[in-house]
Amino acid sequence: MSLILCRMEPVKHPFEVPELGVKLYSSQELCYVIYENPLLVMDDFVDYRLIQFIQEDLGMEFLARKLENWKKSGENPDNMLLLILSECPYYTAAEVTRYRQRLIQLRKKHPAEYWKEKADLLAERKQYGKAIPLYEKLLEMDKDRVVDDLFRSRVWICLGACQARMFQFEKACQSYEKAYACNNQDKEIPEQIYYLKAFSPELTLSQRCQDMLEDADQEAWEAKIAVARKKGQGSEAVKELDELFTKDPVKRLAGAAAMVQQWKQEYRNMI
């Protein structure tokens with residue numbers, strides 16, 4: 001992510017936003033992050049670390065004091081975001097109003113839909129370590145009109161994809177297996193398990209996983225692997241790993257299982 005800097009402020013200690021991989025050096029950048037990423041800032045973004053940054057580095061003492069008082073009183077976090085946007089001369093009143101409506105729409109979502117959308121966004125940003133607890137939280141929710149077997153299957157698939165990208169292959173395999181138990185009509189689940197085994201030959205598959213692979217078209221999967229290996233020659237290892245579990249079945253990680261240990265530390269440093 002890149003930011004357009006409009007005005008430099010005497011920031012000695014930039015504010016880091018790990019979810020986006022950026023450091024903020026101005027009030028305009030802060031407003032931009034809030035406005036463009038509502039799902040990532042709606043719950044716990046305005047904390048005392050941010051308030052300290054606003055007071056000490058941005059020099060906005062009045063705003064910082066007001067935020068601190070609101071924080072102590074348990075003010076709606078959405079109102080604190082709106083306050084920041086209103087106090088910093090970056091967005092117009094009409095734009096702030098549109099942002100308010102966006103927050104209202106997100107809050108009206110079913111809790112499961114809201115948290116899944118947030119978890120998916122974190123996973124898309126490669127923040128797998130932050131996405132995994134949210135997916136696990138979703139799986140603890142009671143069934144209702146939204147949280148049905150199909151929804152749970154999608155959550156298990158997303159969880160498995162995150163675990164695989166963090167080299168937790170055994171956990172990923174278990175997640176895919178549970179996804180299949182919720183929806184045995186999804187033919188892509190056995191395919192993902194097959195790719196896990198191809199990438200990590202030492203992985204021990206349960207009898208259920210072995211059974212689902214026996215009835216599958218493994219020759220077609222091997223053909224996809226061969227094509228992707230050819231395409232992946234010369235590409236970066238981390239990028240290849242990310243492509244393994246994308247929804248696009250044509251893409252496949254290039255490289256042998258022997259390279260895993262070499263990649264692990266470098267890749268985890270990005271999380």
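**Overall make-up and aromatic pairs**

The protein chain is built with 15 helices and two strands. Keep in mind that this is a predicted model. Out of 271 residues in the protein chain, 45% count as buried. As for how the chain folds back on itself, take the contacts with a separation of 6 or more: residues 24 or more positions apart account for 58% of them.

Now for the aromatic rings. A pair of aromatic rings is described by two things, namely the distance of the centres and the angle of the planes. The count here comes to nine aromatic pairs. One of them joins Phe15 and Phe53, with ring centres 5.5 Å apart and planes at 40 degrees. Planes under 30 degrees apart would count as stacked and planes over 60 as edge-to-face, so at 40 degrees the Phe15 and Phe53 pair is tilted. Phe15 belongs to strand E1 (residues 15–17), while Phe53 belongs to helix H3 (residues 48–57), so this pair ties together parts that are 38 residues apart in sequence.

Tyr90 and Tyr91 make another pair, and here the ring centres sit 4.8 Å apart. Their planes are at 85 degrees, so this pair is edge-to-face. Tyr90 has a relative accessible area of 26%, which makes it partly exposed, whereas Tyr91, with 13%, is buried.

Trp115 brings in a charge. Which residue lies over the face of Trp115? That residue is Lys137, at 3.9 Å from the ring centre.

Finally, a look at one spot in a helix. Glu222 is found in helix H13, which covers residues 218–232. With 35% relative accessibility, Glu222 counts as partly exposed, because that label covers values between the 20% limit for buried and the 50% limit for exposed. Glu222 and Tyr195 are 27 residues apart along the chain, and their C-alpha atoms are separated by 9.1 Å.

Technical notes. Residues are numbered from 1 along each chain as its sequence is written. This is a predicted model: local features need pLDDT of at least 70, side-chain atom pairs count only at pLDDT 80 or more; totals for chains, interfaces and linings use all residues. Side-chain values use heavy atoms; hydrogens and water are left out. Helices (H or I, at least four residues) and strands (E, at least two) are DSSP runs, numbered from the N terminus. Buried means under 20% relative accessible area, exposed over 50%, partly exposed in between (1.4 Å probe, protein chains only). Contact means heavy atoms within 4.5 Å. Rings of Phe, Tyr and Trp (its six-membered ring) pair if their centres lie within 6.5 Å; planes under 30 degrees apart count as stacked, over 60 as edge-to-face and the rest as tilted. A charge sits over a ring if NZ of Lys or CZ of Arg is within 6 Å of the ring centre and within 35 degrees of the ring normal.
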